[in-house]
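Please look over the sequence and the model shown here before reading on. The notes that follow take up charged contacts and then ring contacts.

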Amino acid sequence: ETDEIRHVLQDLHTWAVVGCSASPMRDSFGVARFLLGKGKRVVPVNPSESVILGETVHPDLAAACAAGIEIDVVDIFRRSDQAGAHVDEAIQIGAKAVWLQLGVIDEAAAGRARDAGLIVVMDRCPKIEYPRLARR
């Protein structure tokens, strides 16, 4: 699993952050800002926002793809009971990986993603994993 996490963090460039908030108090904002600081392209996804961290917000993954964006990683900041729909959308758009944030666990959706050939990272945070892997 560590090798998969390292690959996602080092080699995959465009991250859609589903449930990204414009509030600096929210974890999704902090993680999006962290990813930008690591040189990643961040595509915020939230139907009720317009701009976050200077990036255009898309209402869903399909809208981001329709705008010509190829998404590598779908980072999901939604409750576990809502995550599956976003995992399915990640499969539909041809993402390479899905990352379910700390506390977001949906084994059935993770299985569907793996069956479709996606890398699955679940119940983890890139802001925590990056420094942990860098120390190795």
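**Salt bridges and aromatic pairs**

Glu-129 forms a salt bridge with Arg-124, their closest N and O atoms being 3.3 Å apart, where a salt bridge is a side-chain nitrogen of Lys or Arg within 4 Å of a carboxyl oxygen of Asp or Glu. This is a predicted model, in which local features need pLDDT of at least 70 and side-chain atom pairs count only at pLDDT 80 or more, while totals for chains, interfaces and linings use all residues. Residues are numbered from 1 along each chain as its sequence is written, and side-chain values use heavy atoms, with hydrogens and water left out.

Salt bridges
- The count comes to six salt bridges.
- Glu-129 also forms a salt bridge with Arg-132, with the closest N and O atoms 2.6 Å apart, and Arg-124, Glu-129 and Arg-132 are linked in a network of salt bridges.
- Glu-129 counts as buried at 4% relative accessibility, whereas Arg-124 counts as partly exposed at 22% (buried means under 20% relative accessible area, exposed over 50%, partly exposed in between, with a 1.4 Å probe and protein chains only).

Aromatic pairs
- The structure holds two aromatic pairs, that is, rings of Phe, Tyr and Trp (its six-membered ring) with centres within 6.5 Å, where planes under 30 degrees apart count as stacked, over 60 as edge-to-face and the rest as tilted.
- The rings of Trp-15 and Trp-99 have centres 5.7 Å apart and planes at 45°, so this pair is tilted.
- Trp-15 is buried at 0% relative accessibility, and Trp-99 is buried with a relative accessible area of 0%.
- Phe-34 and Tyr-130 form an edge-to-face pair, 5.5 Å centre to centre with 75° between the planes.
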